[in-house]
Amino acid sequence: MELKYTPQDFKSNQEVKWCPGCGDHAVLASVQRAMPDICEALNYTRERFVFVSGIGCSSRFPYYMNTYGFHGIHGRASAISTGVKVANPYLTVWQITGDGDALAIGGNHFIHAIRRNIDINIILFNNQIYGLTKGQYSPTSKLGMVTKTSPYGTVEHPFNPGELVLGARGTFFARSLDVELKLTQDIMVESAKHDGTSVTEILVNCVIFNDKTHATISDKETRAERTIILKHGEPMIFGKNRDKGLILVGRKLKVVKIGEGGITEKDILIHDAEEENPGLHSMLINMKYPEFPVALGVIRSVKDKTYDDNVRDQVIDVKEHAQIHSVDELLHSGSTWEIK
Amino acid sequence: MQHKVIDAKEVVIRFTGDSGDGMQLTGTLFADASALFGNDVSTFPDFPAEIRAPQGTVSGVSGFQVNIGSREINTPGDFCDVLVAMNPAALKANAKWAKPTATIILDEDTFDEKGILKAGFKTMDPVKELKIEDRQIVYAAITSLTKESLKDSGLDPKAVLRCKNMFTLGMCFYMFNRPLESTFAYIDKKFRKKPEIAEANKKALKDGFNYASNIQAIPNTYIIQPAKLEKGIYRNINGNQATAWGLIAASEKSGRPLFCGSYPITPATSILEELALRKDLGVKTLQCEDEISGICTAIGAAYAGNFAVTTTSGPGFSLKTEALGLAMITELPLVVVDVQRSGPSTGIPTKTEQTDLNQALYGRNGECPVAVIAAHSPSHCFEAAFYAGKYAMEHMMPVILLSEGFLGNGSEPWKIPSMKDFPDIKPPIITTPEETPFWPFKRDPETMVRRWALPGSIGLEHRVGGLEKNNNGAVSSDPLVHERMVEEREEKVRRLANFIPEQKVIGEEKGEVLIVGWGGTFGHLYTAVKEFHEQGKSVSLAHFDYIFPLPKNTGEIFSNFKKIIVCELNNGQFANYLRTQYQQFHYYQCNKVQGQPFIVKEIVDAVNAIL
């Protein structure tokens with residue numbers, strides 16, 4: 001059966017209740033636009049999609065998708081989506097979570113899902129604030145940030161989600177901005193193609209409690225200068241005039257201008273997302289403006305066996321040599337005796 | 001010494017020693033051999049939380065009690081006829097369990113100054129100090145005899161000492177006329193890859209047997225005829241194994257694959273271990289990062305169409321509380337097994353109790369009634385787990401199955417049932433739309449049960465979650481919708497009473513005193529009631545497997561007795577629950593919170609006090 005979907009097919013009849021101007025609207029649009037592409041690329045049909053979430057503004061997301069959906073409890077989305085995928089690997093499982101949901105209350109489940117490399121796609125909405133509880137600092141809030149629970153500024157160092165992913169032996173990490181709709185859409189397709197846990201961090205704006213938190217890099221005028229979109233197999237070049245690039249000097253990255261000091265395009269690093277050694281990926285993930293452009297795109301995508309594959313293989317292997325095929329046989333296994 | 005052969009109906013043996021002495025295995029092998037011989041058997045492992053507490057100290061003593069009989073056996077026995085103590089600490093901790101007529105076997109070699117002091121005795125004469133001189137004490141140099149027995153085995157001294165328990169077991173096999181063959185077979189299988197160790201264990205067992213028959217020191221030997229059990233094929237089973245198998249049986253009968261998300265916790269862990277073995281039957285187990293993940297992965301699996309379970313004990317159950325509310329409001333089938341242990345908090349992790357009943361009944365935010373079923377014996381765990389699964393799946397709701405450490409670790413012979421005698425399980429699965437758009441919380445008007453729409457089905461796309469919803473699945477904070485949905489969910493659980501069996505009474509249906517119990521105290525309460533019947537007293541027993549909802553005839557039963565006494569291993573949780581459900585009756589209480597099962601005498605005394 002040839003099915004052609006449109007983004008409209010993935011919109012539910014529920015009214016979207018995010019604040020006007022919230023970055024989540026853009027992510028929803030990107031994901032809905034990506035769905036037909038994903039279905040075409042992977043020969044999926046709509047009923048195979050399950051969107052799972054935890055708690056927070058972004059976690060309302062499943063209600064807005066006309067797919068199967070599960071709105072969980074705070075922090076537990078990774079565990080719920082793990083259960084869905086292991087129970088039925090035929091399903092394509094998408095997890096919506098935020099910086100509080102995934103990195104504070106759900107940090108444990110988040111890192112263990114990644115460690116197991118379960119084939120789920122995690123979209124992490126990072127607005128560096130607790131929005132639904134009206135403005136408390138989160139594990140990604142910048143040091144010193146003033147919020148309702150840090151009236152004199154936070155004294156905590158924030159997490160960089162990509163570092164956590166690498167630390168948990170993650171096989172896929174990508175980053176986008178809410179305003180980069182097309183980039184997000186493309187990353188969604190790449191993450192769907194990836195076997196194993198994919199984590200896509202999307203820097204989103206909270207228009208009410210943390211407005212313009214990402215503005216330094218997301219403003220249209222300066223975005224090209226302050227971010228770099230990485231593409232596998234292509235040189236790490238950025239800038240409005242595509243005249244800047246990244247090179248390695250010793251063990252450190254350095255921004256250079258092409259054409260200055262004898263630097264040519266050939267000197268610029270080629271992005272290899274498939275390199276297993278996470279060293280360079282780590283440096284790219286940690287690049288901060290103003291010293292560096294902030295890295296966007298698919299930063300890491302390496303192949304490894306997935307948890308669900310391993311479970312399936314083990315069951316097949318054990319079943320092949322099984323002595324017990326039914327509960328009746330199980331009950332009679334081992335020592336038994338007869339009373340006559 | 002005069003040697004007596006006692007033809008006994010029932011004998012209790014208690015094996016005690018250091019945690020590393022292998023007493024659990026010794027007891028298990030003795031129980032297995034007795035069951036194979038045809039006796040009825042009940043066992044009670046009683047061990048410390050520490051894996052290897054300091055050697056020779058009282059805190060490191062591990063015990064295993066076995067009750068064998070030529071008649072029906074319902075408890076592991078209160079006091080023992082034979083006590084084996086492998087060191088002074090074991091004697092100190094367990095002398096109180098020896099009957100006045102008991103034979104006590106001691107490893108003489110360990111009763112040196114060092115051992116006696118380590119056990120905390122004040123004098124060098126433990127027997128006198130414990131005032132047990134009148135018991136029949138058998139001093140056997142078990143350590144040196146084992147060394148002598150295995151001097152040519154080629155094993156290192158440490159490995160030789162590990163065979164002490166087999167020497168002891170051999171002595172007991174002589175005393176109780178047990179055949180050695182089944183234990184030989186067990187040893188051969190266990191040490192398949194280490195034949196020298198197998199040979200050493202077998203030799204120690206045999207030499208222990210011969211030693212006991214040669215010396216004149218053993219005062220009594222026992223003949224316990226095979227019990228007159230129902231005809232059939234039997235096996236030994238412990239409660240946790242039975243729970244695991246009952247869950248697998250529910251999976252087979254429903255055609256839904258079994259998924260278990262769990263986190264190791266004493267005394268529930270062996271359910272997860274048993275399920276993990278059963279990949280041959282397609283069981284999926286996920287050892288999670290924590291208890292919360294255990295239940296949440298199970299909830300995800302339930303949403304995706306598996307028969308989902310999570311297994312735990314009290315502290316883990318506390319952690320699962322919020323997620324249990326999620327399973328309840330999303331109306332997904334889920335079995336939560338709580339193998340209760342002594343609490344609160346970490347409490348006494350390896351000791352049994354019934355103190356999680358309140359938590360099971362009430363421990364959630366919001367109006368969140370959840371069905372509660374309790375297992376009453378090790379083998380009954382099979383049936384209890386099967387029906388927990390059946391009701392969870394057919395009624396689309398979480399069901400809490402309460403087991404206890406006493407049941408989970410305890411074992412008994414079990415007449416193996418046939419799966420054809422168990423009912424089918426028919427979950428309300430829907431795979432094609434009956435209406436568009438699909439209403440996830442549309443209910444069967446008779447049962448109030450919603451349909452289980454499996455992801456992957458075309459046209460049934462829908463969303464569920466922790467937010468209150470209307471029957472059509474739309475999120476709603478309408479006050480009246482909320483109140484109605486609360487009522488509908490509760491009514492669904494209440495109507496389960498139309499499906500569970502009526503409560504039975506053991507003894508007369510009308511009389512003076514009704515003993516009320518639930519869970520793992522059944523064997524003790526039943527034994528107490530039998531004693532009253534032998535004395536011609538009007539005492540009956542109503543032992544509840546179904547806690548919430550209660551069987552429909554509960555009130556009627558209660559009304560037929562002048563006095564009701566609720567006996568339980570907590571401070572009155574079931575009694576207080578009954579006070580809310582059937583306020584017209586007065587409830588006496590018999591309670592114990594020591595991390596130990598009842599002693600039959602305690603129940604008898606409590607009942608006599610109100611008779």
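This is a predicted model: local features need pLDDT of at least 70, side-chain atom pairs count only at pLDDT 80 or more; totals for chains, interfaces and linings use all residues.
Visitor: How many helices and strands does chain B have?
Guide: Helices (H or I, at least four residues) and strands (E, at least two) are DSSP runs, numbered from the N terminus. On that basis, the secondary structure of chain B comes to 22 helices and 24 strands.

Visitor: What is the radius of gyration of chain B?
Guide: The radius is taken over C-alpha atoms, and the globule rule is 2.2 Å times the number of residues to the power 0.38. For 611 residues the rule gives 25 Å, and the value for chain B is close to that, so the chain is as compact as a globular protein of that length. The C-alpha atoms fill a box of roughly 85 × 60 × 45 Å along the principal axes. The radius of gyration is 26 Å.

Visitor: What share of the residues in chain B is buried?
Guide: A residue is buried if 20 or more other C-beta atoms lie within 10 Å of its own, exposed if 12 or fewer, and partly exposed in between, with C-beta atoms placed from the backbone. Of the 611 residues in chain B, the buried share is 56%.

Visitor: Which element gives the most to the side of chain B that touches chain A?
Guide: Two residues are in contact if their C-beta atoms, placed from the backbone, lie within 7 Å. By this rule 55 residues of chain B are in contact with 51 residues of chain A. Elements giving two or more residues to this side of chain B include helix H1 (23-37), helix H10 (239-254) and helix H12 (291-303). The most, nine residues, comes from H12(B).

Visitor: Which strand of chain B pairs with strand E2 of chain A?
Guide: Two strands pair if DSSP finds at least two bridges between them. Strand E2 (residues 68-71) of chain A has three bridges to its partner, in the parallel sense. His71(A) stands opposite Gly465(B). The partner is E19(B).

Visitor: How many residues of strand E13 of chain B are buried?
Guide: Strand E13 covers residues 334-340. Leu334(B), Val336(B), Asp338(B) and Gln340(B) point one way and Val335(B), Val337(B) and Val339(B) the other, and all are buried. The count is seven of seven.

Visitor: Which strand pairs with E13(B) over seven bridges?
Guide: Strand E12 (residues 307-312) of chain B pairs with E13(B) over four bridges. The pairing over seven bridges is also parallel, and there Val337(B) stands opposite Leu401(B). That strand is E15(B), residues 398-404.

Visitor: In what order do the four strands of the open sheet in chain B lie?
Guide: The edge strands, each pairing on one side only, are E21 (539-544) and E24 (587-591). Strand E20 (residues 511-518) and strand E23 (residues 561-568) pair in the parallel sense over five bridges. The order is E21-E20-E23-E24.

Visitor: At about what angle to E21(B) does helix H19 of chain B run?
Guide: Axes are lines fitted to C-alpha atoms, for helices over the stretch in contact, and angles run from 0 to 180 degrees between N-to-C directions. Helix H19 (residues 522-534) lies across E20, E21 and E23 of chain B. The angle is about 165°.

Conventions. Residues are numbered from 1 along each chain as its sequence is written. Chains are lettered from A and ligands numbered from 1 in the order in which they are written.
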